[in-house]
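Please keep the structure open as you read.

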Amino acid sequence: EAIETSGAGIEGSLVVGRVLTMDPEPQKNGKTINWCSVDVGPELNAANGTGEAGQGVGIVCGAHNFKPGDKVVVILPGGVLPGDFRISARKTYGHLSAGMICSARELALGEDHDGIIVLPDDAPEPGTDARDVLGLGEEVIEFEINPDRAYALSLRGIAREAALGFGAPFHD
(Lines give C-alpha, C1' and ligand atoms only; values in the text may rest on other atoms or scores of the structure.)
Protein backbone atom coordinates (compact mmCIF):
# COMPACT_ATOMS: atom_id res chain seq x y z
CA GLU A 1 0.00 0.00 0.00
CA ALA A 2 2.87 2.38 0.74
CA ILE A 3 6.58 2.79 1.24
CA GLU A 4 7.45 5.02 4.15
CA THR A 5 10.77 6.12 5.54
CA SER A 6 10.85 6.03 9.33
CA GLY A 7 11.98 9.32 10.81
CA ALA A 8 11.05 11.33 7.72
CA GLY A 9 10.74 14.98 8.66
CA ILE A 10 13.33 14.85 11.44
CA GLU A 11 16.21 17.25 10.90
CA GLY A 12 19.12 18.44 13.02
CA SER A 13 20.76 16.95 16.09
CA LEU A 14 18.79 13.96 17.38
CA VAL A 15 21.07 12.35 19.94
CA VAL A 16 21.28 9.90 22.80
CA GLY A 17 21.29 11.74 26.12
CA ARG A 18 21.77 10.65 29.74
CA VAL A 19 19.63 12.28 32.41
CA LEU A 20 21.98 13.65 35.09
CA THR A 21 19.46 15.37 37.34
CA MET A 22 15.69 15.61 37.49
CA ASP A 23 14.03 18.13 39.79
CA PRO A 24 10.20 18.00 39.93
CA GLU A 25 8.62 21.45 40.14
CA PRO A 26 4.87 21.75 40.85
CA GLN A 27 3.27 24.56 38.83
CA LYS A 28 0.35 26.89 39.61
CA ASN A 29 -1.75 25.10 36.97
CA GLY A 30 -1.50 21.83 38.95
CA LYS A 31 0.95 20.28 36.53
CA THR A 32 4.39 19.13 37.68
CA ILE A 33 7.27 19.64 35.28
CA ASN A 34 10.77 18.23 35.59
CA TRP A 35 13.77 20.53 35.30
CA CYS A 36 16.46 18.19 33.97
CA SER A 37 20.14 18.33 33.27
CA VAL A 38 20.88 16.02 30.34
CA ASP A 39 24.33 14.99 29.11
CA VAL A 40 24.18 15.14 25.29
CA GLY A 41 27.90 14.54 24.77
CA PRO A 42 30.90 16.76 25.52
CA GLU A 43 30.89 18.71 22.27
CA LEU A 44 27.14 19.31 22.23
CA ASN A 45 26.94 20.19 25.94
CA ALA A 46 29.40 23.05 25.42
CA ALA A 47 28.13 24.09 21.98
CA ASN A 48 24.52 24.28 23.12
CA GLY A 49 25.25 27.30 25.29
CA THR A 50 23.77 26.00 28.54
CA GLY A 51 26.19 23.22 29.36
CA GLU A 52 29.91 22.81 29.64
CA ALA A 53 32.10 19.77 29.24
CA GLY A 54 31.14 17.35 32.01
CA GLN A 55 27.78 19.04 32.53
CA GLY A 56 24.52 18.62 30.74
CA VAL A 57 22.10 20.98 29.09
CA GLY A 58 18.95 22.15 30.84
CA ILE A 59 15.69 20.76 29.49
CA VAL A 60 12.14 21.14 30.80
CA CYS A 61 10.16 17.89 30.46
CA GLY A 62 6.56 17.11 31.41
CA ALA A 63 6.96 13.31 31.35
CA HIS A 64 7.55 11.32 34.53
CA ASN A 65 8.51 7.83 33.29
CA PHE A 66 12.27 8.26 33.60
CA LYS A 67 14.91 8.91 36.25
CA PRO A 68 18.48 10.15 36.59
CA GLY A 69 20.86 7.76 34.87
CA ASP A 70 18.39 6.81 32.13
CA LYS A 71 19.39 7.20 28.50
CA VAL A 72 16.86 9.12 26.44
CA VAL A 73 16.40 10.58 22.95
CA VAL A 74 16.99 14.34 22.74
CA ILE A 75 16.50 16.80 19.90
CA LEU A 76 18.55 19.95 20.25
CA PRO A 77 17.83 23.54 19.22
CA GLY A 78 17.85 23.97 15.47
CA GLY A 79 16.27 20.55 14.99
CA VAL A 80 12.91 19.92 13.37
CA LEU A 81 10.42 17.18 14.27
CA PRO A 82 7.74 15.74 11.93
CA GLY A 83 4.99 18.22 11.22
CA ASP A 84 7.55 21.05 10.88
CA PHE A 85 7.81 21.41 14.68
CA ARG A 86 10.94 23.52 15.10
CA ILE A 87 12.99 23.22 18.28
CA SER A 88 14.69 26.25 19.76
CA ALA A 89 16.14 27.17 23.13
CA ARG A 90 13.31 29.00 24.85
CA LYS A 91 12.28 30.14 28.25
CA THR A 92 9.48 28.03 29.69
CA TYR A 93 8.32 27.48 33.27
CA GLY A 94 11.02 29.91 34.40
CA HIS A 95 13.91 27.99 32.81
CA LEU A 96 15.82 28.17 29.53
CA SER A 97 15.04 24.80 27.98
CA ALA A 98 17.71 23.91 25.43
CA GLY A 99 16.06 21.03 23.59
CA MET A 100 13.41 18.39 24.06
CA ILE A 101 13.38 14.85 25.41
CA CYS A 102 11.27 12.93 22.87
CA SER A 103 8.35 10.51 22.97
CA ALA A 104 7.53 7.98 20.26
CA ARG A 105 4.64 10.14 19.02
CA GLU A 106 6.83 13.25 18.74
CA LEU A 107 9.18 11.28 16.48
CA ALA A 108 6.22 9.84 14.47
CA LEU A 109 7.20 6.31 15.53
CA GLY A 110 3.83 5.47 17.05
CA GLU A 111 0.98 6.92 19.03
CA ASP A 112 2.46 6.40 22.51
CA HIS A 113 2.62 9.75 24.28
CA ASP A 114 2.37 8.53 27.88
CA GLY A 115 6.05 9.19 28.38
CA ILE A 116 9.35 9.68 26.68
CA ILE A 117 11.49 6.98 25.06
CA VAL A 118 13.81 5.42 27.62
CA LEU A 119 16.65 3.57 25.90
CA PRO A 120 18.21 0.38 27.27
CA ASP A 121 21.29 0.63 29.50
CA ASP A 122 23.51 -0.72 26.72
CA ALA A 123 22.52 2.11 24.34
CA PRO A 124 25.45 4.12 22.95
CA GLU A 125 27.05 6.95 24.87
CA PRO A 126 25.56 10.47 25.05
CA GLY A 127 26.08 12.51 21.91
CA THR A 128 25.67 9.50 19.60
CA ASP A 129 23.25 10.05 16.71
CA ALA A 130 19.97 8.47 17.84
CA ARG A 131 18.80 7.73 14.29
CA ASP A 132 20.81 4.50 14.15
CA VAL A 133 19.71 3.49 17.65
CA LEU A 134 16.03 3.90 16.70
CA GLY A 135 16.38 2.46 13.18
CA LEU A 136 15.32 5.74 11.59
CA GLY A 137 15.90 6.30 7.90
CA GLU A 138 14.95 2.74 6.97
CA GLU A 139 12.26 2.18 4.40
CA VAL A 140 9.16 0.34 5.59
CA ILE A 141 6.86 -1.38 3.12
CA GLU A 142 3.22 -1.40 4.18
CA PHE A 143 1.03 -4.22 2.87
CA GLU A 144 -2.71 -4.61 3.06
CA ILE A 145 -3.50 -8.29 2.72
CA ASN A 146 -6.90 -9.18 1.34
CA PRO A 147 -8.49 -12.22 2.99
CA ASP A 148 -8.76 -14.02 -0.34
CA ARG A 149 -4.96 -13.90 -0.72
CA ALA A 150 -4.01 -16.37 1.98
CA TYR A 151 -0.71 -17.18 0.26
CA ALA A 152 0.39 -13.61 1.02
CA LEU A 153 -0.08 -14.07 4.77
CA SER A 154 3.29 -15.79 5.09
CA LEU A 155 6.75 -14.26 4.97
CA ARG A 156 7.38 -16.22 1.76
CA GLY A 157 4.16 -14.86 0.25
CA ILE A 158 5.05 -11.27 1.19
CA ALA A 159 8.54 -11.73 -0.30
CA ARG A 160 7.07 -13.11 -3.53
CA GLU A 161 4.57 -10.25 -3.79
CA ALA A 162 7.26 -7.64 -3.07
CA ALA A 163 9.60 -9.17 -5.68
CA LEU A 164 6.81 -9.18 -8.25
CA GLY A 165 5.75 -5.62 -7.42
CA PHE A 166 9.29 -4.24 -7.60
CA GLY A 167 10.45 -6.35 -10.55
CA ALA A 168 13.12 -8.00 -8.40
CA PRO A 169 14.16 -11.66 -8.73
CA PHE A 170 12.54 -14.03 -6.25
CA HIS A 171 14.29 -17.21 -5.16
CA ASP A 172 12.22 -19.55 -3.02
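Which residue forms a salt bridge with aspartate 172? The partner is arginine 156, and the closest N and O atoms are 2.8 Å apart. A salt bridge here is a side-chain nitrogen of Lys or Arg within 4 Å of a carboxyl oxygen of Asp or Glu. This pair links distant parts of the chain, with arginine 156 in helix 3 and aspartate 172 in the segment after helix 3, 16 residues apart.

A word on the source: this is a predicted model, in which local features need pLDDT of at least 70, side-chain atom pairs count only at pLDDT 80 or more, and totals for chains, interfaces and linings use all residues. Residues are numbered from 1 along each chain as its sequence is written, and side-chain values use heavy atoms, with hydrogens and water left out.

A search of the whole structure finds six salt bridges, including these:

| Pair | Closest N and O atoms |
|---|---|
| Aspartate 172 and arginine 156 | 2.8 Å |
| Arginine 86 and aspartate 84 | 3.1 Å |
| Glutamate 125 and lysine 71 | 3.6 Å |

Helices (H or I, at least four residues) and strands (E, at least two) are DSSP runs, numbered from the N terminus.

How do these partners stand towards the surface? Lysine 71 is buried at 6% relative accessible area, while glutamate 125 is partly exposed at 48%. Aspartate 172 is exposed at 67%, as are arginine 156 at 51% and arginine 86 at 56%. Buried means under 20% relative accessible area, exposed over 50%, and partly exposed in between (1.4 Å probe, protein chains only).

Now for the largest pocket, with a volume of about 460 Å³. A pocket is an open set of points on a 1 Å grid over the protein atoms alone where a 1.4 Å probe fits, with protein on both sides within 12 Å along at least five of seven lines; lining residues have an atom within 4 Å of a point. Of its 23 lining residues, the closest to the centre are Val60, Cys61, Gly62, Arg90 and Met100. Strand 4 (57–61), strand 7 (85–86), strand 8 (90–92) and strand 10 (100–101) each supply at least two residues of this lining.

Conventions: Grid points are joined across faces, edges and corners, and a volume is the space filled by probe spheres set on the points.
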